[in-house]
Amino acid sequence: MGTDERNFRSVYYEKVGCRGVGETNKLENLLKEKVVDQGKLKQFCIRFAVPVRHRSMLWCSLLDVHPMYTNNLQCVMIQRKAVYTDLLRALKIMRIVDEAKMSKSRILYAMWLLETKRLHPGLNIATCENNFISISETLLELFDNEVEIYWMAKKFYQITEDIEKDWTKLISLTHSLFEKNYLDLYGHLEKHSLLQKLPLNKWYVTCFAGVLNETALARIWDKIIGGSFQILAFVLFKMFTKLDRSIYKCRNVDAVLECIEKLNKNDQDVIVTKSIEMWQSSEFFYKFS
């Protein structure tokens with residue numbers, strides 16, 4: 001069987017939710033261990049496609065929402081729920097949030113502000129913007145347990161703060177990918193200063209939340225939670241490669257953003273698949289192998 005046919009089948013099986021039985025069994029066994037081995041779980045995230053039905057538990061384990069010792073799970077989650085309930089109750093008493101009028105992502109943001117002592121008088125939760133909100137919106141689309149979602153949002157937000165610290169490295173990698181792999185397109189982007197004017201800081205720090213659909217995002221976030229921030233630069237490169245004909249016609253950043261907004265779900269899924277394939281064949285992947 002040729003490489004192209006194998007790749008096609010693997011992508012198809014992943015889209016319909018079918019993966020290798022051996023890989024799934026391996027993950028299930030790891031999640032059943034009495035002591036969670038985060039190193040092995042991160043390796044799984046990096047090397048394999050994460051089954052949808054196991055993603056919530058896997059992310060909770062890696063983000064320290066669930067305890068390392070699985071026997072303590074019930075006790076810890078009771079405590080997590082108590083914190084969640086107390087924060088929400090306090091915000092209602094202070095009349096800062098109204099569940100009937102405010103989005104759940106903004107309510108979670110207000111809870112986080114209160115818990116971290118960043119909530120101050122005069123702050124309008126309904127209109128303020130923060131990356132925490134974008135992250136929460138994505139998690140709310142992916143999962144159902146709002147207590148776990150709140151704790152995942154907090155932990156994932158901490159990861160994005162680390163990504164922001166590595167911002168210059170990500171930008172350098174982005175330029176390098178274009179320069180080495182698509183010089184003509186890179187020349188066009190540089191000529192019109194398009195990379196410099198795009199909201200790359202927000203896209204990278206929120207890990208493309210609000211830019212790509214939730215299914216595509218989940219596969220990217222698998223790799224980020226596994227420890228690889230570099231995947232973000234590969235996603236941008238493959239996005240522009242997919243849109244190259246349209247990008248060549250763009251002379252300003254608004255035109256580029258309009259092209260990106262027109263990407264349909266299937267295009268976005270293809271972009272993520274090709275991004276992961278390119279990243280897995282790069283030097284950055286072998287740091288995790």
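Visitor: How far is the sulfur of cysteine 45 from the closest cysteine sulfur?

Guide: A disulfide is a covalent bond between the sulfur atoms of two cysteines. In this predicted model, the cysteine sulfur closest to that of cysteine 45 belongs to cysteine 60 and lies 12 Å away, which is too far for a bond. Cysteine 45 is itself buried, with a relative accessible area of 0%.

Visitor: And what is to be said of the sulfur of cysteine 259 and the closest cysteine sulfur?

Guide: Here the closest cysteine sulfur is that of cysteine 250, at 3.8 Å, and this is again too far for a bond, because a disulfide is counted for sulfur atoms within 2.5 Å. Cysteine 259 is buried as well, at 16% relative accessible area. By this rule the count of disulfides comes to 0.

Visitor: How many salt bridges does the count come to?

Guide: Side chains of opposite charge can pair when their charged atoms come close. The count for this model comes to 11 salt bridges. One of them joins the side chains of aspartate 222 and arginine 55, with 2.8 Å from N to O. This pair links distant parts of the chain, since aspartate 222 sits in helix 13 (residues 214–226) and arginine 55 in helix 4 (residues 52–62), 167 residues apart.

Visitor: Are aspartate 222 and arginine 55 buried or exposed?

Guide: Aspartate 222 counts as buried at 2% relative accessibility, and arginine 55 is buried too, with a relative accessible area of 7%.

Visitor: Which parts does the salt bridge between aspartate 267 and lysine 242 tie together?

Guide: In that salt bridge the closest N and O atoms are 3.7 Å apart. Aspartate 267 belongs to helix 17 (residues 265–280) and lysine 242 to helix 14 (residues 231–242), so the pair ties together parts that are 25 residues apart in sequence.

Visitor: Which residues are linked in a network of salt bridges?

Guide: The network links Lys92, Glu99, Lys104 and Glu146. Within it, the side chains of glutamate 99 and lysine 92 meet at 2.5 Å, N to O. Glutamate 99 is partly exposed, with a relative accessible area of 39%, and lysine 92 likewise counts as partly exposed at 39%.

Visitor: Where is lysine 154, and is it buried or exposed?

Guide: Lysine 154 is placed in helix 8 (residues 146–165), and at 10% relative accessibility it counts as buried. Once its neighbours within four places in sequence are left aside, lysine 154 is in contact with Trp112, Glu115 and Phe132.

Visitor: Which residues form a nonpolar patch on the surface?

Guide: The patch is formed by Val35, Met68 and Tyr69, which together have about 300 Å² of accessible area. Valine 35 lies in the loop between helix 2 (21–32) and helix 3 (38–47), and is partly exposed, with a relative accessible area of 38%.

Visitor: What is the phi of arginine 95, and where does this residue lie?

Guide: Arginine 95 has a positive phi of about 60 degrees although it is not a glycine, and it lies in the loop between helix 5 (73–93) and helix 6 (104–115). Arginine 95 is exposed, with a relative accessible area of 77%. Serine 193, also not a glycine, has a positive phi of about 55 degrees. The place of serine 193 is in the loop between helix 10 (183–191) and helix 11 (194–197), and at 27% relative accessibility it counts as partly exposed.

Visitor: What pLDDT does the chain average, and over which residues is it below 50?

Guide: The chain averages a pLDDT of 91, and 91% of the residues score at least 70. Over residues 1–19, however, the pLDDT is below 50, and beyond near neighbours in sequence this stretch has 16 contacts in the model.

Terms used: Residues are numbered from 1 along each chain as its sequence is written. This is a predicted model: local features need pLDDT of at least 70, side-chain atom pairs count only at pLDDT 80 or more; totals for chains, interfaces and linings use all residues. Side-chain values use heavy atoms; hydrogens and water are left out. pLDDT is the predictor's confidence in each residue, from 0 to 100. Contact means heavy atoms within 4.5 Å. Helices (H or I, at least four residues) and strands (E, at least two) are DSSP runs, numbered from the N terminus. Buried means under 20% relative accessible area, exposed over 50%, partly exposed in between (1.4 Å probe, protein chains only). Patches are made of residues with over 30% relative accessible area and no salt bridge: like charges are joined within 9 Å, nonpolar side chains (Val, Leu, Ile, Met, Phe, Trp, Tyr) within 5 Å. Accessible areas come from the Shrake-Rupley method with a 1.4 Å probe; for residues, only the protein chains shown count as cover. A salt bridge is a side-chain nitrogen of Lys or Arg within 4 Å of a carboxyl oxygen of Asp or Glu.
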